[in-house]
Amino acid sequence: MACQKSDCLIVVRKPVKAGGAKGAASSRSRSGSRGGTGGRKPMEQEAKGIRYQSERFATVQGLMHSVNEQSLMAEHRKQSRRKATGIDGVDKAQYDENAQENVRQLVERMKKFQYKPLPVRRTYIPKANGKLRPLGIPAYEDRLVQGVMANALNEVYEPRFLDCSYGFRPGRSAHDVVRYINQTIMIHKVNYVLEADIKGFFDNVDHEWLMRFLEHDIQDKNFLRYVKRFLIAGIMEGSELKDSDRGTPQGGLISPVLANVYLHYVLDLWFEKAIKPKLRGEAYYVRYADDFLILFQYEDEARDVLEVLKQRLGKFSLEVAEDKTRILPIGRFKGTKEEFEFLGFTFFNTKTRGGKYRLGVRTSKKKLKAKKQAAKEWLRTRLTKPVSKTMELLAAVIRGHCNYYGVNGNFHAIQSFWKYLKYSTYRMLNRRDQKGKLKYPKFLRIWNYYVQEPHLTTDIWNWQPKTT
């Protein structure tokens with residue numbers, strides 16, 4: 001396979017039609033004239049104007065017009081009152097006391113370029129493997145500006161992103177990825193899966209490359225200036241201020257779309273335009289945020305692409321996690337017991353009751369074990385809490401679990417989690433009963449009143465005709 005030159009930057013430029021610059025300029029002026037008007041309609045028109053430019057012209061202009069009092073107030077109303085605060089210590093309730101004036105002053109500072117984002121507050125949340133995931137919590141006003149700018153970036157890039165990208169995009173979900181993997185392996189010539197993981201992606205995004213990618217599509221220096229300010233705002237960990245010369249802090253509202261832009265150029269376009277046309281066999285690529293899979297017909301091509309992939313990522317200051325990257329056989333022509341995990345699901349070879357091949361999908365054992373352990377520890381904290389509130393929260397947990405993991409073929413796994421919670425809740429209520437053991441029939445009446453039976457919620461078997 002001739003992939004030696006595949007590490008070049010592959011971009012698709014849209015031709016600018018006659019009068020394109022004039023059209024973009026007029027669209028920008030119209031957007032600016034609406035900036036001070038009230039109501040929801042002008043905001044929708046601004047979003048449509050940005051998308052109109054992106055669909056028709058090589059570069060988009062006038063994005064800073066979308067960051068105005070109206071859009072910032074709308075973003076303020078969307079914020080949750082239960083969000084953790086950044087280093088400013090300001091939450092929604094405090095900001096709401098004088099929101100109109102606060103937003104007006106914020107816009108004035110932005111116009112004079114006096115607005116500088118504060119460092120994000122670093123915190124950690126536990127991962128399923130026992131490690132900690134770093135999160136960055138921005139200050140309240142930074143959260144508002146990031147939200148509005150992220151909306152503008154989504155309007156710019158939604159027409160440009162490829163169909164193989166799913167994470168953090170409107171109208172797309174993890175279930176779409178599971179459905180795509182299931183149908184691709186079932187109806188196409190797939191024999192091998194390249195399961196790759198990017199080591200510390202969000203901590204290693206190269207700012208220089210990211211800004212070059214944005215400048216390729218956006219012709220608004222003021223907008224890009226504020227994007228750069230967010231990238232270099234710094235990280236406050238405890239009382240120590242750390243520089244953020246690379247990476248995008250997980251937790252920022254603008255980070256997901258910036259990550260998608262980065263990988264759109266680093267991986268998506270590269271594979272679809274530079275690699276796939278050179279392969280003699282079938283190959284399929286799918287990405288959700290920084291997690292991706294490549295499905296191959298031939299093993300030798302999978303190994304060749306893995307080597308070129310390492311070079312490609314290295315050019316952009318990224319690397320694969322060797323311990324989480326592998327090539328394994330899968331599919332109807334491979335009678336193996338190999339399995340791979342993606343987005344909390346395990347995919348494996350199995351058969352239907354009639355003996356025909358089927359790709360099995362079940363909850364990852366590692367994820368299920370972690371969820372059971374977390375539920376067990378949470379129930380210990382509910383010994384002195386009202387039973388009704390505990391049962392309402394349990395019902396919400398089970399609904400959320402079924403909504404995500406309730407895909408075709410995975411009923412037994414979600415039923416296992418449901419039964420575990422039922423048994424653990426019964427034990428917990430018996431421990432808190434001071435008058436004697438809680439009779440099981442009485443517990444069943446309580447359980448059945450609050451908690452629904454486990455059920456499937458998502459269809460991933462909706463077959464599509466094979467396309468050539």
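**Helix packing, burial and backbone**

Guide: Helix H11 (residues 255–275) packs with helix H12 (residues 299–315) at an angle of about 140°, and their axes are 11 Å apart. Helices here are DSSP runs of H or I with at least four residues, strands are E runs of at least two, and both are numbered from the N terminus. The model is predicted, and local features need pLDDT of at least 70, side-chain atom pairs count only at pLDDT 80 or more, while totals for chains, interfaces and linings use all residues. Residues are numbered from 1 along each chain as its sequence is written, and side-chain values use heavy atoms, with hydrogens and water left out.

Visitor: Why are H11 and H12 called oblique to each other?

Guide: Axes are lines fitted to C-alpha atoms, for helices over the stretch in contact, and angles run from 0 to 180 degrees between N-to-C directions. Angles under 35 degrees count as roughly parallel, over 145 as roughly antiparallel, 65 to 115 as roughly perpendicular, and the rest as oblique. The angle of about 140° falls in the remaining class, so H11 and H12 are oblique to each other. H11 passes H12 in a right-handed crossing, a term used if the near helix is turned clockwise from the far one by less than a right angle, whereas anticlockwise makes the crossing left-handed.

Visitor: Which residues make the contact between H11 and H12?

Guide: On H11 they are Tyr265, Val266, Leu267, Trp270 and Ile275, and on H12 they are Val305, Val308, Leu309, Arg312 and Leu313, where contact means heavy atoms within 4.5 Å. By class, the contact of H11 with H12 has nine nonpolar residues, no polar ones and one charged. Ala, Val, Leu, Ile, Met, Phe, Trp, Tyr, Cys and Pro count as nonpolar, Asp, Glu, Lys and Arg as charged, and the others, Gly among them, as polar.

Visitor: What makes H13 and H14 roughly antiparallel?

Guide: Helix H13 (residues 365–380) and helix H14 (residues 387–405) pack at about 170°, with axes 12 Å apart, and angles over 145 degrees count as roughly antiparallel, so H13 and H14 are roughly antiparallel to each other. Lys367, Leu368, Lys371, Trp378 and Leu379 of H13 meet Thr390, Leu393, Leu394, His401 and Tyr405 of H14. The contact of H13 with H14 has six nonpolar, two polar and two charged residues.

Visitor: Why are H15 and H16 oblique to each other?

Guide: Helix H15 (residues 411–432) and helix H16 (residues 440–450) pack at an angle of about 125°, with their axes 11 Å apart, and H15 and H16 are therefore oblique to each other. H15 passes H16 in a right-handed crossing. Trp418, Leu421, Lys422, Thr425, Tyr426 and Leu429 of H15 are in contact with Tyr440, Phe443, Leu444 and Trp447 of H16, and these residues divide into eight nonpolar, one polar and one charged.

Visitor: How do you know whether Val178 is buried or exposed?

Guide: Buried means under 20% relative accessible area, exposed over 50%, and partly exposed in between, with a 1.4 Å probe and protein chains only. Val178 has 1% relative accessibility and therefore counts as buried. Val178 lies in helix H7 (residues 174–187) and, apart from its neighbours within four places in sequence, is in contact with Phe345, Phe347, Val361 and Ile460. Ile460 is 282 residues from Val178 along the chain, yet their C-alpha atoms are separated by 7.1 Å.

Visitor: What is the relative accessible area of Val177, and what does Val177 touch?

Guide: Val177, also in helix H7, has a relative accessible area of 0% and is therefore buried. Not counting residues up to four places away in sequence, Val177 touches Tyr166, Val286, Tyr288, Phe342 and Leu343.

Visitor: What is phi of Leu343, and where is Leu343 found?

Guide: Phi of Leu343 is near 55°, a positive value in a residue other than glycine, and Leu343 is found in the loop between strand E9 (339–342) and strand E10 (345–351). Most residues other than glycine have a negative phi. At 17% relative accessibility, Leu343 counts as buried. Ala289, in the loop between strand E6 (283–288) and strand E7 (291–296), has a phi near 60°, which is also positive, and with a relative accessible area of 11% Ala289 is buried.
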